[in-house]
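This report goes through selected features of one structure, section by section. Please keep the sequence and the model open while reading.

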Amino acid sequence: MTLHLPDANGTLRAYEPRTEPLAVHPGSAFTSRTVFSAAHVVADPYADTSPDSPAAVDWDATLAFRRHLWSHGLGVAEAMDTAQRGMGLDWAGAAELIRRSAAEAKAVGGRIACGVGTDQLTGGTLAEVRAAYEEQLAVVEESGAQAILMASRALAATAKGPDDYLEVYGHLLRQAAEPVVLHWLGPMFDPALEGYWGSSDLDAATDTFLEVIAAHPDKVDGIKVSLLDAQREIDLRRRLPQGVRCYTGDDFNYPELIAGDEQGFSHALLGIFDPLGPLAAEAVRVLDTGNTEGFRALLDPTVELSRHLFQAPTRFYKTGVVFLAWLAGHQSHFTMVGGLQSARSLPHFARAYELADRLGLFPDPKLAEERMRTLLHLYGVTP
């Protein structure tokens with residue numbers, strides 16, 4: 001049945017929903033790339049909460065979604081910004097998420113890496129920032145997961161220059177039990193991270209970042225770069241020490257970065273691989289056979305959806321990710337911790353639905369259509 005979807009101009013346009021999903025199937029892990037999906041959390045819709053309350057999480061649905069990702073061969077990047085770290089999910093909730101997901105990963109044989117940050121702080125001295133990182137690192141390592149050292153708002157607010165970053169990260173890397181992933185998250189994802197690595201000049205910041213890695217290459221498995229600048233990522237990965245991987249976090253340019261060139265390629269740790277999980281996995285398995293053109297033919301058409309979800313203000317991409325999870329039947333409701341389901345407009349949701357439906361992302365297109373129709377009714381639209 002035809003849906004009438006509102007566009008950015010406030011007018012309705014007719015859309016004929018797809019009737020069959022894209023044919024993709026669960027499969028084994030990949031051979032040519034290491035690929036993580038940064039997974040979202042599912043809120044408990046029955047909890048009596050307010051936007052300032054601690055997060056109430058539906059643990060069964062949250063862990064079921066991780067099993068879905070693992071079934072397609074993807075790794076799970078847990079408790080990252082996609083899981084609303086610092087935007088509804090506090091450290092206590094993140095710690096429980098890490099423990100539960102790591103235990104689930106062990107049970108099903110899934111790969112997992114977890115975010116280590118300082119979000120139990122709002123400010124503080126460098127010593128307090130170090131201690132906060134250490135507390136979180138201990139939780140992740142005790143869970144048996146790989147650690148991802150996330151960018152810290154507290155460190156960005158406290159550090160006086162590059163030397164403070166060198167000191168804090170050097171201290172953490174010396175004590176890390178296993179090689180970690182270093183995460184450089186740009187201010188488009190979190191404005192509080194402006195000037196990270198001690199400078200707003202990205203060339204100078206890159207030099208400091210590389211200095212941290214060069215001092216401890218045996219403790220750095222890889223870097224996750226989320227700057228939405230493909231050429232900068234390519235230039236950076238070419239300067240990495242031998243054996244240190246680059247995990248793209250570029251949700252605008254990921255197909256070309258993962259495909260790579262004659263001088264190398266990026267692995268992936270992406271929020272967009274939450275809604276794209278099965279399709280992305282299918283594409284990487286094609287790449288495993290050496291068929292780069294087939295990989296690009298599958299993944300290139302997804303970029304329009306990703307750029308839509310991650311449009312400015314980029315940090316609210318989580319709303320679109322959870323919206324698509326609801327339409328796809330991975331959760332029974334469209335609510336988010338912190339009430340973040342209100343962060344995007346109805347025209348934004350309508351366009352996200354259309355782009356995802358055209359890609360065949362919904363396992364049950366009829367269910368997705370019915371849920372989109374319900375949302376339109378709630379907004380006063382006769383679909």
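## The loop between β7 and α6

Trp197 lies in the loop between β7 and α6. Helices (H or I, at least four residues) and strands (E, at least two) are DSSP runs, numbered from the N terminus. Phi of Trp197 is near 70°, a positive value in a residue other than glycine. Trp197 counts as buried because its relative accessibility is 0%; buried means under 20% relative accessible area, exposed over 50%, and partly exposed in between, with a 1.4 Å probe and protein chains only.

Asp190 is also placed in the loop between β7 and α6. With a relative accessible area of 10%, Asp190 is buried. Leaving aside residues up to four places away in sequence, Asp190 touches Arg153 and Leu185, where contact means heavy atoms within 4.5 Å.

## Source of the values

The model is predicted, and local features need pLDDT of at least 70, side-chain atom pairs count only at pLDDT 80 or more, while totals for chains, interfaces and linings use all residues. Residues are numbered from 1 along each chain as its sequence is written, and side-chain values use heavy atoms, with hydrogens and water left out.

## Aromatic rings

Rings of Phe, Tyr and Trp (its six-membered ring) pair if their centres lie within 6.5 Å; planes under 30 degrees apart count as stacked, over 60 as edge-to-face and the rest as tilted. By this rule there are 20 aromatic pairs. One of them is the tilted pair of Tyr133 and Tyr169, at 6.1 Å centre to centre and 55° between the planes. This pair links distant parts of the chain, 36 residues apart: Tyr133 is in helix α3 (residues 126-143) and Tyr169 in helix α5 (residues 162-175). Tyr133 and Tyr169 are both buried.

Phe189 and Phe310 have ring centres 6.2 Å apart and planes at 70°, so their pair is edge-to-face. Here, too, distant parts of the chain are linked: Phe189 is in the loop between β7 (180-185) and α6 (202-215), Phe310 is in the loop between α11 (303-309) and α12 (317-327), and the two are 121 residues apart. Phe189 is buried at a relative accessible area of 4%, and Phe310 is buried at 0%.

One aromatic cluster is formed by Tyr133, Tyr165, Tyr169, Trp184, Tyr196, Trp197 and Phe209.

## Two packed helices

Two packed helices are described by the angle between their axes and the distance between the axes. Helix α9 (residues 277-288) and helix α10 (residues 292-299) pack at an angle of about 170°, with axes 7 Å apart. Axes are lines fitted to C-alpha atoms, for helices over the stretch in contact, and angles run from 0 to 180 degrees between N-to-C directions. That makes α9 roughly antiparallel to α10; angles under 35 degrees count as roughly parallel, over 145 as roughly antiparallel, 65 to 115 as roughly perpendicular and the rest as oblique.

## Backbone details

Most residues other than glycine have a negative phi, and most peptide bonds are trans. Gln84, in the loop between β4 (75-78) and α2 (91-108), has a positive phi near 70°. Gln84 counts as buried, at 1% relative accessibility.

The peptide bond from Ala312 to Pro313 is cis, with omega near -5°. Pro313 is placed in the loop between α11 and α12.
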